[in-house]
Amino acid sequence: MNIPRVMRLARQAMAKSTARCPGHRVGAVIAVGSRYVTGWAQYRRWTVMSTVQTLHAEVHALRRLQLKRYTHAHRISSTELLKDAVVAVYREAAGKPALARPCQGCLGHLKEAGIGWIAYSVPDDRQYAVEAI
């Protein structure tokens, strides 16, 4: 896993977020080994009732994961593929990395999908932390 590279990709995804407040812009990418698979930013959408709903970046990236096509290209099972996958989540506040640990709901979705690792930005000199799910 090339975590610094994956975190850079998550930061690029964060830049595409449609959240109004800069501190709430979050980007997430999914990578397997050193290969980028998919990514997305947290976004807002208007519902029929004119209320704003947000979809967390981690869940959106997971939804976009086209696992069937990616697995077919590499001829390995989806479970085997995802146990080595890392989801990188990045958030920035005042131009510096901020804590972006996935919430319990997102962790549940990632665990259910079989993702093996998470990396997320932290507000100290390390700039990111890595955990097994």
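A contact here means heavy atoms within 4.5 Å. The model is predicted, so local features are given at pLDDT of at least 70 and side-chain atom pairs at pLDDT 80 or more, while totals for chains, interfaces and linings use all residues. Residues are numbered from 1 along each chain as its sequence is written, and side-chain values use heavy atoms, with hydrogens and water left out.

The protein contains five helices and eight strands; helices (H or I, at least four residues) and strands (E, at least two) are DSSP runs numbered from the N terminus. Along the sequence their order is α-β-β-β-β-α-α-α-β-β-α-β-β. Of the contacts between residues at least 6 apart in sequence, 55% join residues at least 24 apart.

Of the 133 residues, 42% are buried, where buried means under 20% relative accessible area (1.4 Å probe, protein chains only). The exposed surface comes to about 7900 Å², 51% of it from carbon and sulfur atoms, by the Shrake-Rupley method with a 1.4 Å probe.

A nonpolar core is a set of buried Ala, Val, Leu, Ile, Met, Phe, Trp, Tyr and Cys residues joined through side-chain atoms within 4.5 Å. The largest one holds 21 residues, and Ile30, Val87, Val89, Ile115 and Tyr120 have the most contacts inside it. Two or more of its residues come from each of β1 (26-32), α2, β5 (85-93), α5 (104-113) and β7 (117-121). β1 gives the largest share, four residues. A second, separate core has 13 residues, including Met7, Leu9, Ala13 and Ala119.

Helix α2 (residues 57-64) is largely enclosed by the rest of the structure, because six of its eight residues are buried. These are Ala57, Glu58, Val59, His60, Ala61 and Leu62.

Strand β7 is also mostly covered, with four of its five residues buried. Strands count as paired if DSSP finds at least two bridges between them. On this basis β7 pairs with β5 in the parallel sense over four bridges, and Trp117 in β7 stands opposite Val86. β7 is also joined to β8 (residues 128-132), by five bridges in the antiparallel sense; here Ala119 has Val130 of β8 as its bridge partner. β7 and β8 form a hairpin with six residues between them, and Gln127 in the turn has a positive phi of about 70°.

Tyr120 brings several of these parts together in one list. Leaving aside residues up to four places away in sequence, Tyr120 touches Met7, Val89, Leu99, Ala100, Arg101, Pro102, Gln127, Tyr128, Ala129 and Glu131.

Methods: Buried < 20%, exposed > 50% of the residue type's maximum accessible area, 1.4 Å probe, protein only.
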